[in-house]
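Okay, thanks for coming, everyone. Let me put the structure up, and then I'll talk you through it.

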Amino acid sequence: DTAVSQTPKYLVTQMGNDKSIKCEQNLGHDTMYWYKQDSKKFLKIMFSYNNKELIINETVPNRFSPKSPDKAHLNLHINSLELGDSAVYFCASSQLLAGGAYNEQFFGPGTRLTVL
Amino acid sequence: GNSVTQMEGPVTLSEEAFLTINCTYTATGYPSLFWYVQYPGEGLQLLLKATKADDKGSNKGFEATYRKETTSFHLEKGPVQVSDSAVYFCALSDLRLGAQKLVFGQGTRLTINP
C-alpha cells in the first residue's frame, strides 16, 4: 500500500509546454505539500494545503498553480515551462495532532521533470 | 528567517567507521528538529526527530541530540554499513497556522565503501 503516490515518475517536455503532476495520499492526513529539489539536491517548500485551503505559498512563480480537489489530492500544474523548472518535485503529507503539533511528513517518490 | 546548515559533502567512509554529520540551525522559538534520509532514486524518509531541548532521537543505530545552547542537531552512527549510503537532510519545522513548513539543510551525500 503506497502512502503518498505521485504520477508521473518521469516527465520530459519541451520549453513552453503546460504539464501537470498528480499526488494522492491514503493516510487520511489533512495537510499536503509540494517541494522542489534542484540539481544540487537542495529541497525547498513550494506550497502547502490544509483541507483544500492554501496555507503556504513560498514566492513561487504564478506559472505554478496547485489544485486540491479534496484533502487526499494535491496536484501541481505548471504553465509555460522553462529550463529552470527542471528538478525533482516531491509531494508530502502530514496530520495535525492534538495540542497543535504535527506528525512527521510522509514523502512521495518524486517526479523528475526535465525541460528541454 | 529560519535556516539550517549542514556540513558540506560528499562524505566517504569505510565500513565500520564512525559517522558524524554536523547540523546547526537558526530559528526563532523552539522548533522541532529532524533528520531525513534519501536513498538513491527514492523519496525522503524520516530517520529520527527531537521535539525539545536535550531530547535524543534515535533509529537504526543513528542518534542526534537537540542542543539548544549550541543550536545543533548532529547526526551520529557507529559503525556504519554500506547500506547507509544515501543523502541525509537535517530539517527544522516552522509551524504555521494549518501547516508545518520544513526548512531543510543542503543535504550531505554519504558513501560507505566495503
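This is a predicted model: local features need pLDDT of at least 70, side-chain atom pairs count only at pLDDT 80 or more; totals for chains, interfaces and linings use all residues.

Residues count from 1 along each chain as written, chains are lettered from A and ligands numbered from 1 in written order, and side-chain values use heavy atoms, without hydrogens or water.

So, the interface. On chain B, 22 residues contact 25 residues of chain A, contact being heavy atoms within 4.5 Å. Together the chains bury about 1,800 Å², 57% of it on carbon and sulfur atoms; that's accessible area (1.4 Å probe) lost on putting the two together, summed over both. On the chain B side, Leu44(B), Gln100(B) and Phe104(B) lose the most, together 27% of what that side buries.

Which side chains meet in a salt bridge? Glu58(A) and Lys101(B), at 3.1 Å, N to O; the rule is a Lys or Arg side-chain nitrogen within 4 Å of an Asp or Glu carboxyl oxygen. The count between these chains is one.

Now the inside. The largest nonpolar core has 27 residues, and Trp35(B) and Phe73(B) are among those touching the most other members. A core here means buried Ala, Val, Leu, Ile, Met, Phe, Trp, Tyr and Cys joined through side-chain atoms within 4.5 Å, with buried meaning under 20% relative accessible area (1.4 Å probe, protein chains only). Leaving out residues up to four places away in sequence, Phe73(B) touches, among others, Cys23(B), Trp35(B), Leu48(B) and Cys90(B).

Conventions: Buried means under 20% relative accessible area, exposed over 50%, partly exposed in between (1.4 Å probe, protein chains only).
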